[in-house]
Amino acid sequence: MAEGASRNWRFNRQVNISVLIQLVFLASLIVGSWVNLQRQLDLLQRDVTYLCQYQKDFAQKLESLTAKSISYEYRLRAVEKERRRADGAEETF
C-alpha cells in the first residue's frame with residue numbers, strides 16, 4: 001500500500017530543452033533589466049549631483065550680482081546727488 005501511494009506522488013523529473021532555454025532566457029532578461037536599471041540610476045545620480053553643484057554655483061553668482069547691483073545703486077545715487085548739488089550751485093551764480 002505504501003508503494004502505490006508513493007508512486008502517485010512522484011514527479012516527472014524530465015526537463016524539456018525548450019523549458020530550460022526559456023528559463024535561461026528569462027533569467028538573462030531579469031539580470032539584463034537589473035543591470036540596465038543600475039546604469040540608469042547611476043546616470044540619474046550623476047545628473048542630480050551636477051544639477052546641485054550648478055545650482056550652488058548659480059546661487060553664488062546671483063549673490064555676487066546682487067551685491068554688485070546694490071553697490072552700483074548706491075554709487076549712482078551718490079553721483080546723482082553730487083550732480084544735483086553741482087547743478088544747484090551753478091544756478092545760484
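I began with arginine 83, which is exposed at a relative accessible area of 58% (buried means under 20%, exposed over 50%, partly exposed in between, with a 1.4 Å probe and protein chains only). A note to myself: this is a predicted model, where local features need pLDDT of at least 70 and side-chain atom pairs count only at pLDDT 80 or more, while totals for chains, interfaces and linings use all residues. Residues are numbered from 1 along each chain as its sequence is written, and side-chain values use heavy atoms, leaving out hydrogens and water.

Next I looked up the partner of arginine 83. Its side chain meets that of aspartate 87 in a salt bridge, 3.7 Å from N to O (a side-chain nitrogen of Lys or Arg within 4 Å of a carboxyl oxygen of Asp or Glu). Both residues lie in helix 2, four residues apart, about one turn of the helix (helices are DSSP runs of H or I, at least four residues, numbered from the N terminus). Aspartate 87 is partly exposed, at 32%.

How many salt bridges does a search of the whole structure find? I found four. Another one joins arginine 77 and glutamate 73, at 3.4 Å, and these two are also four residues apart in helix 2.

Then I searched for aromatic pairs and found one in the whole structure. Tyrosine 50 and tyrosine 54 are stacked, 6.4 Å centre to centre with 25° between the planes (ring centres of Phe, Tyr and Trp, its six-membered ring, within 6.5 Å; planes under 30 degrees apart are stacked, over 60 edge-to-face, the rest tilted). Tyrosine 50 is exposed, at 56% relative accessibility.
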